Amino acid sequence: MYRQDLYKNILVIGGNVSGLAAASQAKRVNPQAQVTVLESGKYISYGSCGLPYYISGQIKEFNDIFTYSVDFFQKKRDIKVLTEHRVTGLDTSGRQVIVNREKKIGYDRLIICSGSTPRSLNIAGQGSENIFNFWNVSDTIRIKDYISKEKPKNAIIAGGGSIGLLMAEAFHNLGIKVTIIELAGKILSDYEPEISTIIYKVLALKGIDVTLSAMITSFGKIRQNAAGSVTVAKGPQAIELDTDFILLSAGVKPNTPFIENTSIDTGPLGSIKVNKNLQTSHINIFAAGDCAMIKNLVTGKDELIPTANNAAKTGRIAGANAAGSSSTFEGSAKTKTDVFFGIEVAKTGINTQEAQALGYDPVKVTGNYPSHIEPVGGAENITVSLTVDAKSRRVLGAQMAGKESVSKRIDVFAAGITSEMSVDDLYMLDLSYAPLVSTVWDPINKISGKAILELSKRKF
Ligand SMILES: Cc1cc2nc3c(=O)[nH]c(=O)nc-3n(C[C@H](O)[C@H](O)[C@H](O)COP(=O)(O)OP(=O)(O)OC[C@H]3O[C@@H](n4cnc5c(N)ncnc54)[C@H](O)[C@@H]3O)c2cc1C
């Protein structure tokens, strides 16, 4: 039974993926509710995922970054969106948020959708004019303006994860020589080595330098508030690299400083703990998107899985429940994909190292298969890596790289992992076939068959 009468004043913190999904769904569930979104920045409803393509010039028009306007929400959805309203504090007993350190706004139900923010390297000089974070529209404008005014010739990127690599490609396409410094022993550190190596080789071909197992320890040659070099520590060695500018892309943390003085239960890095209804430890406060922990469907444990797809879904469910519904979010298979220099990479589930750490008995197999039958021409190689638990025969994770049909194939594994399919189920799964799109045994069937063969060699 909905208690819509109780939840008339719904407040949402954050005006992007999860926040706008939450606000819209709250209004759908309870059209009588007054729904207000507070956004700290000037912009709302931007596709973060498209920002690297605006920097590279592939997206030409600034307005094409945005999906909906403040006006759209007011006129079409009767949702009030207040930009430049940063929530700086939260009074849970008085049910009010503090905005811009002064104004107080009350709520019956609050939905926290404040996303995440780049992690700091904690090095002096980080505020220099040519050292950039990259996460939102304001960062994007700053970087684009800098590049058009200063015409830099080279850049150092701290971090070889998805965002660092997307930006490496964007800068490369603008004629900027890029060096990536990565702390881990491989780029895309959550991928299996055989998958991340494919991208590593592509970067080398493009002339992008990558230094692995290394970290930036200081910024040097600071003149007119701009750094002209970085010091990089690699084992016992320290080297100084000259650069025109630096991009920091060393992971993200939840954007939740305003809950620090509350009793809301939190997890690592200040992430917000929620139940299946996306409800926090406070009954009238919900959280969704990058700032909230969600259940990993393979491990059953809660963790941070910051993707746009999870943000949109959890936002929608948090919004519905804040308005009086009782929908559940079961969790995420941790599926993600990226395209670097025309190569799709995608993964779902957990990798072998994670599986070992969690006490599984993982068997990993890797194979190379054509994307469709070769005689018709145009087939591209797909590299697949599959991790299966030897005891239960459950598929724990899959990863792929190739020029085509990779991410949608990984989605089949995502469905299999979500429904706890065994490797035997996936081997015999009835997948579509025609010469121009696949092979009679699709790469998904083939890698599953290879894993079954490997399992048969195991003695229990
Ligand atoms: C360059 C880039 C590329 C990406 N590519 C992909 C991709 O291809 N696929 C994918 O799945 N994911 C991708 N992501 C990640 C994806 O964008 C995020 O997971 C998603 O935006 C999270 O949505 P969110 O609503 O939780 O947070 P956000 O989109 O970050 O929105 C949070 C909003 O809250 C506001 N806010 C923060 N603090 C406050 C406060 N105190 N008061 C008021 N407002 C506040 C912020 O200004 C922000 O607008 C990418 C991210 C980036 C940066």
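What percentage of the 460 residues in the protein is buried? Buried residues make up 44% of them. The coordinates come from a predicted model.

Begin with the overall form. The C-alpha trace spans about 65 × 65 × 45 Å along its principal axes. A compact globule of 460 residues would have a radius of gyration near 23 Å, and the protein has 24 Å, so the two agree. The secondary structure comes to 11 helices and 25 strands. Sequence separation in the contacts is worth a look. Take the contacts between residues at least 6 apart in sequence: 64% of these join residues at least 24 apart.

Next, the domains. The domain assignment gives three entries. Domain 1 is written in pieces, 4–40 + 66–117 + 252–322. Domain 2 covers 131–248, and domain 3 covers 337–457. The centres of domain 1 and domain 2, taken over C-alpha atoms, are 33 Å apart.

Where does the ligand lie in relation to domain 1 and domain 2? Both domains give residues to the shell around the ligand, so the ligand lies between them. The shell holds 33 residues. Gly14, Asn16, Ser48, Gly115 and Gly289 are the closest. By residue class, the shell divides into 14 nonpolar, 16 polar and three charged residues.

Now move to helix α11, residues 443–457. The helix has 15 residues. At 1.5 Å a residue, with the expected span counted over one less than the number of residues, α11 should span 21 Å. Its end C-alpha atoms are 21 Å apart, so expectation and model agree. Which residues of α11 are buried? They are Pro443, Ile444, Asn445, Ile447, Ser448 and Ala451.

Is Glu169 buried or exposed? A residue counts as buried if 20 or more other C-beta atoms lie within 10 Å of its own. Glu169 has 23 other C-beta atoms within 10 Å, so it is buried. Leaving out residues up to four places away in sequence, Glu169 touches Phe340 and Phe341. Pro52 is 117 residues away from Glu169 along the chain, yet their C-alpha atoms are separated by 8.6 Å.

Turn to the loops. Two of their residues stand out in backbone geometry. Most residues other than glycine have a negative phi. Arg95 has a positive phi, near 45°. Its place is the loop between β4 (87–91) and β5 (96–99). With 18 other C-beta atoms within 10 Å, Arg95 is partly exposed. Ser213 is not a glycine either, and its phi is positive at about 50°. Ser213 sits in the loop between β12 (209–211) and β13 (215–220). It has 13 other C-beta atoms within 10 Å and is therefore partly exposed.

Arg95 leads on to Asn284. Which residues does Asn284 touch, not counting residues up to four places away in sequence? They are Arg95, Asp108, Arg109 and Leu110. Asn284 is in the loop between β17 (252–254) and β18 (285–287). It has 16 C-beta neighbours inside 10 Å, so it counts as partly exposed. Gly14 is among the residues closest to the ligand. From Asn284 to Gly14 is 270 residues in sequence and 17 Å in space, C-alpha to C-alpha.

The last stop is Ser189. This residue is in the loop between β11 (177–181) and α6 (193–205). There are 17 other C-beta atoms within 10 Å of Ser189, so the residue is partly exposed. Ser189 and Pro257 are 68 residues apart in sequence. In space they are 28 Å apart, C-alpha to C-alpha.

Notes
Residues are numbered from 1 along each chain as its sequence is written. This is a predicted model: local features need pLDDT of at least 70, side-chain atom pairs count only at pLDDT 80 or more; totals for chains, interfaces and linings use all residues. Domain bounds come from an automatic or database domain assignment. A residue is near a molecule or strand if its C-beta atom, placed from the backbone, lies within 6 Å of it. Ala, Val, Leu, Ile, Met, Phe, Trp, Tyr, Cys and Pro count as nonpolar, Asp, Glu, Lys and Arg as charged, and the others, Gly among them, as polar. Helices (H or I, at least four residues) and strands (E, at least two) are DSSP runs, numbered from the N terminus. A residue is buried if 20 or more other C-beta atoms lie within 10 Å of its own, exposed if 12 or fewer, and partly exposed in between; C-beta atoms are placed from the backbone. The radius of gyration is taken over C-alpha atoms; the globule rule is 2.2 Å times the number of residues to the power 0.38. Two residues are in contact if their C-beta atoms, placed from the backbone, lie within 7 Å.
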